[in-house]
Amino acid sequence: MSSNQNNRLETGGRIDRSKPLTFTWNGKQFQGYQGDTLASAMLANDIKVVGRSFKYSRPRGIFGHGAEEANALMQLGVGKETIPNPRATQIELFNGLTATATNGWPNADFDLMEWVGKIGGKMMPPGFYYKTFMWPEKMWMTYEKFIRKAAGYGKASLEADPDTYDKMNRHCDVMVVGSGPAGLAAALEAGRAGKRVILADEQNEFGGTLLASKQTINGQPASEWAEAAAAELAAMDNVLCLTRTTVFGYYDQNFLGALERRTDHDGMTAKSGTRQRIHRIRAHQVVLASGAIERPLVFANNDLPGVMLSGSVATYVNRFGVVPGNRCVVMTTNDSGYQTALDITAAGRTVVAIVDTRHNPAGRLVDAARAAGITVKAGHAIIEAKGSKQVTDALVAPIDATGENLTGPATSMSCDLIAVAGGWSPVVHLSCHTGSRPQWSDEVAAFVPGPTIQHQHLAGAINGEYTTAGALNTGAQMGAKAAGSEAASTYDCGDESVCPAQAMYLVPHTKPVSRAPKQFVDFQNDVTAAGIELANREGFESIEHVKRYTAMGFGTDQGKTGNINGMAITAKNLGKTIAETGTTIFRPAYTPVTFGAIGGRDIGELLDPSRHTAMHPWHLDNGALFENVGQWKRPWYYPQAGESMQQTLNRECMAVRNSVGILDASTLGKIDIQGKDAREFLNRVYTNAFSKLAVGKCRYGLMLKEDGMVFDDGVTACLGENHFLMTTTSGGAAGVMAWLEMWSQTEWPELEVYFTSVTDHWATCSFSGPNARKVLEKLCDDVDLSSDAFKFMDWREGTVADIKARIFRISFTGELAFEVNVPANQGLYMWQKIMAAGEEFGITPYGTESMHVLRAEKGYIIVGQDTDGSVTPQDCGMHWVVGKNKEFSFLGKRSFSRPDTSREDRKHLVGLKPIDPTAVIPEGSQIVADPNQPIPMDMLGHVTSSYWSECLGHGIAMGTVISGQHKMGETVYCPLADGRVLAAEICSPVFYDPKGERHHD
Amino acid sequence: MTNMHSPLHHIEVPASVAAAGVVMREDKYRGHLNLRGNPQDEAFTSAVAKTLGVALPTTPNSSAENGTTRVYWLCPNEWLLLVAEGTQGQVEADLRAALADQHIAITDLSSGQTLVNLSGANIDELMLKSAVYDCHPSNFPVSKVVQTTFAKTGAVIYKCADGSFDLVIRRSFSDYFFLWVADASEEYGLQVV
Amino acid sequence: MLHIYCPYCEEMREEEEFSYSGEAHIARPTDPESLTDAQWGDYVFFRTNPRGLHHEMWNHAAGCRRYFNATRNTQTYEIHETYKMGEQPTVTGGKP
């Protein structure tokens, strides 16, 4: 094990040196400390190369310290626990952590692909993907293999994730995003005002930049103030403190998504409980205090390991006690580089020089640097970094005041670290998510959040307020404003004066951009200044097009560091200002969110609710297999030992035809309708008339949408003069209920009628077959069940097995049938009583599959199977159910006479009898007139239902056929995918008992 | 009543769970009646108040209670009456007699839904996981009633005086409901009483 | 995720509780049989799809089951108002 953390300082930082932690990187063991991130521990161990770049396979090192990191993507853990692509800068170190590079084989240090990369630039110009997709498809297959292997992203495990994830719904008065000085001050104000507050920060403790600051706040060291503020907030009952929680999305009307990593700091998998939790937050007011990200500068070879963001270097020094180099050159356009130089010097390492692009830097920090003996090269820039696997030298040259031209020869400075301070970009990402477009601010020299309709407030660096006191005070003001109060606290951090910054993006080189060594803009996607220049030259001027053509900002870092530089370069190439060029906007997620967390607990059995009937336990006990009908689990068929599915269906169907079978029909939608205008309402929504339906009678009805197409059907019973019970299809119940309510509430409020769903209240045992009456007679003696007294389509109230029941004489099988409805609490009992009573007749439970066969033998349609929203009653041959003399123009009626609806050559639903009596045509088969017609054939229609009919001894089918009702007796053909062609004769869909004598028996 | 099976009758959970943070109790076989009518019609409201012994709540999301009868506001012309087990038939008959000739509807739903009480030290966390509605006391005071979603099903949620919640759930969704509650309670422990 | 004020429940509710029900203020013709096919087709099939203010019908499906109308900006998703069935919008962007 390598335990010499050469870059670790003896003291300082928020790490615990008494708690060493062991970790493995690319197979080698190293040591870090409790409080480290993987990145700080790697830097402590002087690990320079952490991966290879996406396109050119160039060595890359750690570059930032947080969400902005573009290079240090890890493959964390192994096997089923492995996690692809987290940033080393955001992984908290734990003992036993294992990480490997996501790319570069055989390893990140020695990469064969580098040699390909060196010619790859020519092979893969910007727009490579775009052009490749446009060009020969077969070449893409070749490119793709090559790119996938070389390009940089990690691999997901193919094994099941061992962890659990969940979600919580949160509500608050004030949501504060970010816990730097602005966020803490805002949360304190709102919390002290008694508001329900949520404060979320992606890091392991609150404080943000204060944790690495040497400033004071009202005389108190900044980190101590942050600790005290965090403790005060934690003690408030009205404040929810969420550390290790990234607000990844900001959606309409102040709805935010936040991912809390609950156990990732403690190991690969949670030792107990939930690994990650998504908080779905609805906030009345939002304070965005998400800070700013430092910009790199675009100079030659600026991607070499050892080139880092200046603020990140300072963070490693002050927060983690790590100096990532011994000899540092600071390259800056503003004062923040000076603070980094001072911090490095204070840590006892060498600052070779501060290279400042400004010609006359002066003031507090500049004086301090000079006083510390640091060389300041004003009016200079690093134009190129030198080195192969890491920085060894910086080429420094004088530049003019515009920053666009070199004014003298370059000199070389030996160094192993270049800290780059190119200015700051506010983290506008969340503010963009709701559709607000960032606006360029000349004052801040950056994009700041634009106007929004959200109840949103901005505090601190997100709005260009870069001083600590400014962040604290705007935080306090915005926190108070969000809470509807006045800020009670003000903050003073001493002298924070700075010398004005210079706006600078691309650093000139001795060679033109196209010939200079690569000047990187987007590290994750290997987009260079030359690539952007080429794109601009090829005519891509809109920044949105440049982005898509070059893939700038497409990586998992979303262009956090590169976008502004890319836009500035585009603006310069086009001779525009950045404000004129504009910006692309960011979309969720701010940083990647695991699919596990998105799924939460809505997985497996909880993915979608399963609805069960009262008799479900019996079906389970008796070996039913289930079919999904909407959300219902309906018994599909009840196989007995040794039976094939077809044998089961044959047995079940023949039991119904020859004796008696029983079906759980509880899932049918049932709507109780009461009111004096109930009849009129039914007249309007059904195709047929209900004016004269007597109490004790039932009627079948078809429901249409206004376009004249069938959308539901069912039997409605008249329970009382002003009281009806409507049944609907199992899957259509909710839709029909909403349909009725819509017409009642919006169009015909004058009709006095109320609807109540009673689907779940009633359990329905439907038993049919020649012996059905004999079964019922054993259980019911207070209803005259004789054929004359209790006719087909009648219903009676009676006592069945000592339970008050509604008995309907309706049939979906074509046999004598009764449906016994009892309150569902007694449904299981009733089912068992009927089974016992029917035992002597061999009563046979059957499921939906046999139900489908039995009804198809009778030619009864199933809405949604034989119809698809494009079928009129006439198309189904159901003219008989359309009222001719109804006073009110019922829903859909007017559409019957539309030219398209009334033409004769529409597709009609007909019966299809296979010519080969043993054949069963696959459902969905296309129907043609001439199977020998060359492809593409003229389609006549398709098969909607098809089964083997055991009682008829041949296959039967229904299907739609153009003009089918006029083609009775003609032969049509179904060419199958396997090359067979099945012929069928067009016939009536009523195959069994065409006169309908059996159900009247 | 051996012929009765409540929606959650088959739930079997080990009798004692040490320090269960969530406790679930099905209030089986309560009478559930859905009532519709016009609250602006004094003849309707007074007849109902007289019959039930409690005035109909007309403020949105409110409830009223009298002994074993509890009335939930569901919408401006709809209420759920929760009455003592076995009395729903008589209450319906009494209401129909009192409201004869009025435009009303009364529908017995006693078998179609069930009342479930959720309580325990971690009830708040369970509700955060399950309900999109804000169940914080500042938004959900005692005796408030809210029709909303619960996980992927619907529920009528009522806040009891003891801080627990009474939920009316549909029978066909009750197995899903239980699976959800059991899963969401796993880290706290679940006791079914 | 929209946050919608139900004018019947008289409070804000989450979008999950609602279902969208199309353009508002589409009255069913009182005498469909007297309409030309074009007029009837316009009622059945044609809806406006404005960028900006839109009056639309929503159903508080998982709540009180009432239908109501909302004036929503289809560009910003801002909901300017919700109002009961039978009422008229107050936010119309200058249009009658």
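**Packing, sheet and interface**

Analyst: Not counting residues up to four places away in sequence, Ala186(A) touches Val176(A), Val287(A), Ala289(A), Ala459(A), Gly475(A), Ala476(A), Met478(A) and Gly479(A); two residues are in contact if their C-beta atoms, placed from the backbone, lie within 7 Å. This is a predicted model, in which local features need pLDDT of at least 70 and side-chain atom pairs count only at pLDDT 80 or more, while totals for chains, interfaces and linings use all residues. Residues are numbered from 1 along each chain as its sequence is written, and chains are lettered from A and ligands numbered from 1 in the order in which they are written.

User: Which residues touch the most other members of the largest nonpolar core?

Analyst: In soluble globular proteins, nonpolar side chains tend to be buried together. A nonpolar core is a set of buried Ala, Val, Leu, Ile, Met, Phe, Trp, Tyr and Cys residues joined through C-beta atoms within 7 Å; a residue is buried if 20 or more other C-beta atoms lie within 10 Å of its own. Here the largest such core has 180 residues, and Leu38(A), Ala186(A), Val287(A), Val329(A), Ile382(A) and Ile418(A) touch the most other members. Helix α5 (residues 181-192) of chain A gives the most to this core, with 7 residues; helices (H or I, at least four residues) and strands (E, at least two) are DSSP runs, numbered from the N terminus.

User: How many residues of helix α7 of chain A are buried?

Analyst: All 11 of the 11 residues in α7(A), 310-320, are buried. They pack against α1, β16, β17, β18, α8 and β24 of chain A. Gly321(A), which follows α7(A), has a positive phi, near 65 degrees.

User: In what order do the 5 strands of the open sheet in chain A lie?

Analyst: Strands of a sheet pair through backbone hydrogen bonds, either parallel or antiparallel. In chain A the order is β35-β36-β37-β34-β38, with antiparallel pairing; two strands pair if DSSP finds at least two bridges between them. β35(A) and β38(A) stand at the edges, each with a single partner strand, so one side of each is left without a neighbour in the sheet. Strand β34(A) is joined to β38(A) by 4 bridges, and Ile673(A) stands opposite Phe755(A) in β38(A).

User: How many residues of chain B are in contact with chain A?

Analyst: 36 residues of chain B are in contact with 35 residues of chain A. On the side of chain B that touches chain A, α4(B) gives the most, with 6 residues.

Terms used:
Buried ≥ 20, exposed ≤ 12 C-beta atoms within 10 Å, placed from the backbone.
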